[in-house]
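Please examine the structure shown below. The paragraphs that follow lead from local backbone geometry to helix packing and then to the domains.

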Amino acid sequence: MSEHSQYTPFSTESLPGYLAGVAAIADRLGGDQSAWKVREVGDGNLNLVFIVDGEIETIIVKQALPYVRLVGDSWPLPLYRAFFEYHALIRQEARDPGSVPEVFHFDETNALIAMEFIKPHLILRHKLIRGERVEGLATFLGNFCARTAFRGSELSMKSADKKADVGLFAGNVEIPAITEALVFTDPYYDAEMNHHTDGLDPVVAQLRGNTELKACAQRMLMKFASNTETMAHGDLHSGSIMSTDSDSRVIDPEFVQYAPIGFDIGMLTANFLMAYFSQPAHRGAELDDYQEWILSVIADCYQQFEAEFIHLWKTERTGMLYPKSLFEDQGHSSEAACKALLKDIWIDALAICGIEMHRRTLSLAHNADFESIEDVTVRAPLEARNLMMGAEIILKAETIADPTALVAMARDFNKRDIL
Ligand code: SR1
Ligand code: MG
């Protein structure tokens with residue numbers, strides 16, 4: 001039987017009838033299905049997303065489509081990604097309670113997850129474009145990255161459990177393949193689905209002509225494809241975060257994959273840097289202050305990631321890796337070992353960061369931070385700063401000491417006239 005034989009893509013009209021048949025959901029919504037209000041609000045690249053207002057509660061229903069929504073049915077995509085998203089959500093909830101939406105119902109056949117409607121939160125990317133600040137953002141995200149990374153690794157997990165989980169998620173083939181192509185490879189040659197802003201050609205030619213840069217990106221791809229350090233969210237950008245002015249949550253882990261620990265925090269850092277570089281087109285008088293706030297989030301987030309990682313190292317190091325039997329039980333400090341590991345994670349995170357900065361301006365899926373700048377003569381020079389800083393991060397990762405040095409680099413690139 002094919003994966004699709006019993007699958008039904010729902011519409012705003014057909015969804016209430018389906019939900020009425022799921023007792024736990026019908027009770028949660030309350031009242032009669034005829035009174036439920038359904039809106040389809042998916043603005044991402046892949047799925048249907050419905051908001052369902054019942055008499056008692058509002059919920060989100062996310063359903064995978066058998067193709068890439070951004071491109072159309074010429075690009076098929078397996079429905080089984082919903083299964084992995086569901087499993088990622090429940091693991092993230094266990095590893096960092098309260099950080100992700102609560103799952104109410106999962107239907108594997110229909111590739112459908114019914115979950116908590118996080119409100120009054122909005123997509124962080126839109127808040128950043130509007131110049132809004134979010135209290136506690138860096139602490140929340142630093143903790144999320146550290147807790148999910150540490151508790152999903154063999155620093156914490158039993159080896160057999162972690163290996164079984166790696167086996168489970170290894171079935172998620174096509175989704176990481178998108179990342180492998182769109183993120184790591186396509187930016188560096190004129191791949192079919194690529195596009196970039198008019199006026200950027202000289203910078204793009206410079207990057208694509210740099211064999212050292214391409215080799216560094218491929219080296220990182222090799223690590224991404226083969227290194228199962230932890231369960232990564234896999235697509236942790238500002239569109240995968242929802243915030244109020246003082247509370248944040250992470251959504252949308254369908255790109256989940258076992259990957260290097262630096263993957264999520266590196267991708268996240270890149271998305272804050274792109275928010276930073278795009279600001280001159282979005283802000284007026286308060287530009288400098290707001291850009292500095294974004295840089296403070298980048299530095300604080302990474303510092304919190306390291307602080308929480310070190311805390312977990314001291315308090316929850318119960319896995320097969322760096323066992324206490326080798327260090328503390330021998331009267332030996334493991335501090336230097338932890339520091340050396342964090343250095344390796346930082347270097348990986350930097351490489352991912354630079355690569356993500358490139359793919360969001362050169363590959364298929366761009367971001368609204370830059371894309372919403374309609375005047376290409378304004379957009380291109382800002383994207384050029386982003387592209388050139390991305391290259392320097394990748395090529396000089398070993399020489400960037402810490403997040404303070406990274407944000408200092410951003411200030412420098414933000415002043416450059418590259419085009
Ligand atoms: C075809 S999917 C393009 C992008 O959308 C997702 O959000 C991921 O970022 C992916 O790379
Ligand atoms: Mg997404």
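In which loop is A111 found? The model is a predicted one, and in it A111 belongs to the loop that runs between β6 (103-107) and β7. The backbone at this position deserves attention: phi of A111 is near 50°, a positive value in a residue other than glycine. Most residues other than glycine have a negative phi. The relative accessibility of A111 is 0%, and the residue therefore counts as buried, since the term applies to anything under 20%.

D252 is found in the loop between β11 (248-250) and β12 (257-259). Its phi is near 70°, again a positive value in a residue that is not glycine. Is D252 buried or partly exposed? With a relative accessibility of 23%, D252 counts as partly exposed, because that class covers values between the 20% limit for buried and the 50% limit for exposed.

The next feature concerns a peptide bond. Most peptide bonds are trans. The bond from K119 to P120, however, is cis, and its omega is near 5°. P120 itself lies in the loop between β7 (112-116) and β8 (122-123).

Two packed helices are described by the angle between their axes and the distance between the axes. Helix α9 spans residues 211-226 and helix α14 spans residues 376-395; their axes come within 10 Å and cross at roughly 70°. Where they meet, α9 contributes E212, L213 and C216, while α14 contributes A391, I394 and L395. Sorted by class, the contact of α9 with α14 comprises 5 nonpolar residues, 1 charged residue and no polar ones.

Finally, the protein may be viewed at the level of its domains. The domain assignment gives domain 1 as residues 15-116 and domain 2 as residues 122-414. What distance separates the C-alpha centres of domain 1 and domain 2? These centres lie 27 Å apart. The contact between the domains takes 27 residues from domain 1 and 33 residues from domain 2.

Key. Residues are numbered from 1 along each chain as its sequence is written. Chains are lettered from A and ligands numbered from 1 in the order in which they are written. This is a predicted model: local features need pLDDT of at least 70, side-chain atom pairs count only at pLDDT 80 or more; totals for chains, interfaces and linings use all residues. Side-chain values use heavy atoms; hydrogens and water are left out. Axes are lines fitted to C-alpha atoms, for helices over the stretch in contact, and angles run from 0 to 180 degrees between N-to-C directions. Helices (H or I, at least four residues) and strands (E, at least two) are DSSP runs, numbered from the N terminus. Contact means heavy atoms within 4.5 Å. Ala, Val, Leu, Ile, Met, Phe, Trp, Tyr, Cys and Pro count as nonpolar, Asp, Glu, Lys and Arg as charged, and the others, Gly among them, as polar. Buried means under 20% relative accessible area, exposed over 50%, partly exposed in between (1.4 Å probe, protein chains only). Domain bounds come from an automatic or database domain assignment.
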